[in-house]
Amino acid sequence: MNPIHIAPSIIAADPLAMGAAVRTIEAGGADALHLDVMDGQFVPNLTLGPAVVQALSKATTLPLDVHLMVDAPERYLETFAKAGAAGLTVHVEATRHLHRTLQAIRALKKTVGVALNPATPVSAIEEIVDDVDMVLVMSVNPGFSWQTFIPRSDAKILAVRALLTARGSRARLQVDGGVDAGNIARLVAAGADTFVSGASVFGTPDPAAAVRALRTAAEARA
Ligand code: DX5
Ligand code: ZN
């Protein structure tokens, strides 16, 4: 199994204090910084773009895990790669030629991620799972932090883990949405190893301690 990774989501932090937020999660031992890019089309919200990604890349040594919640993300891969992304995750539902899009991320020498919305079956990634470094299971409908974990996601994590095992894949299995210290151990048991957390880190008075608490709870089960 891959080591546990904790990737706090910066959109849950105070937008006027993102630099300070990054320093606190570094102090807490975060493994990556998760950046939610939303276009107001694929999801009903607008967030940050390449300029913010570039600024954050200069403010931290953490790898930038860029989650593209945009239609036709193939249009922006190079832009976010240049802005400093370490990894690019695209949604199955957002791109017409998924295989080509994943190959384009690979050609940019970035970590290749594919994401599934809650209503999308695991079978949607069967044909491309050998081409990715990470599968992201959305455990809320994408668009906003602070939402409630969808219970059915447990079954999807189990199914993705079974698929990865069957293919002999070392890809990471990331869970995004409503992850907290109360459910993370259960998600590790189901087969996840990489956790995005917005509210449960930046919604607390001490984000560094919150990152440590997530890791402790996750590793207790790993
Ligand atoms: C939701 C985003 C998430 C979100 C997670 O569309 O992809 O990354 O910021 O926030 P929480 O942990 O608060 O659900
Ligand atoms: Zn995300």
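This is a predicted model: local features need pLDDT of at least 70, side-chain atom pairs count only at pLDDT 80 or more; totals for chains, interfaces and linings use all residues.
Local features need pLDDT of at least 70, side-chain atom pairs count only at pLDDT 80 or more, and totals for chains, interfaces and linings use all residues. Residues are numbered from 1 along each chain as its sequence is written, chains are lettered from A and ligands numbered from 1 in the order in which they are written, and side-chain values use heavy atoms, with hydrogens and water left out.

**Zinc site**

- His34 (NE2), Asp36 (OD), His67 (ND1) and Asp176 (OD) coordinate the zinc ion (ligand 2) at 2.0 to 2.3 Å; donors are N, O and S atoms within 2.8 Å of the metal (3.2 Å for Na, K and Ca), and sites may look incomplete as water is not among the atoms.
- The six donor atoms of the zinc ion (ligand 2) make angles of 70 to 168 degrees, and the site is octahedral (six donors, opposite ones over 155 degrees apart and all others between 65 and 115).
- Ideal angles for six octahedral donors are 90 or 180 degrees.
- Along the chain, the donors of the zinc ion (ligand 2) have the spacing H-x1-D-x30-H-x108-D.
- Distant parts of the chain are linked by His67 in strand E3 (residues 64-69) and Asp176 in strand E7 (residues 172-176), which are 109 residues apart; strands (E, at least two residues) and helices (H or I, at least four) are DSSP runs, numbered from the N terminus.
- His67 counts as buried because its relative accessibility is 0%, and Asp176 counts as buried at 8% (buried is under 20% relative accessible area, with a 1.4 Å probe and protein chains only).

**Sheet**

- Eight strands form an open sheet in the order E1-E8-E7-E6-E5-E4-E3-E2, with parallel pairing (two strands pair if DSSP finds at least two bridges between them).
- Strand E1 (5-8) and strand E2 (33-38) stand at the edges with a single partner strand each, so one side of each has no neighbour in the sheet.
- E3 pairs with strand E4 (residues 87-91) in the parallel sense over four bridges, and His67 stands opposite Thr89 in E4.

**Helix H5**

- Helix H5 (residues 153-167) has 15 residues, which should span 21 Å at 1.5 Å a residue, and its end C-alpha atoms are 21 Å apart, in agreement (the expected span is 1.5 Å times one less than the number of residues).
- Among the buried residues of H5 are Ile157, Val160, Leu163 and Leu164.
- After H5 comes Gly168, with a positive phi near 70 degrees.

Technical notes:
Four donors count as tetrahedral if all angles lie between 85 and 135 degrees; four count as square planar and six as octahedral if opposite donors are over 155 degrees apart and all others between 65 and 115; anything else is irregular. Buried means under 20% relative accessible area, exposed over 50%, partly exposed in between (1.4 Å probe, protein chains only).
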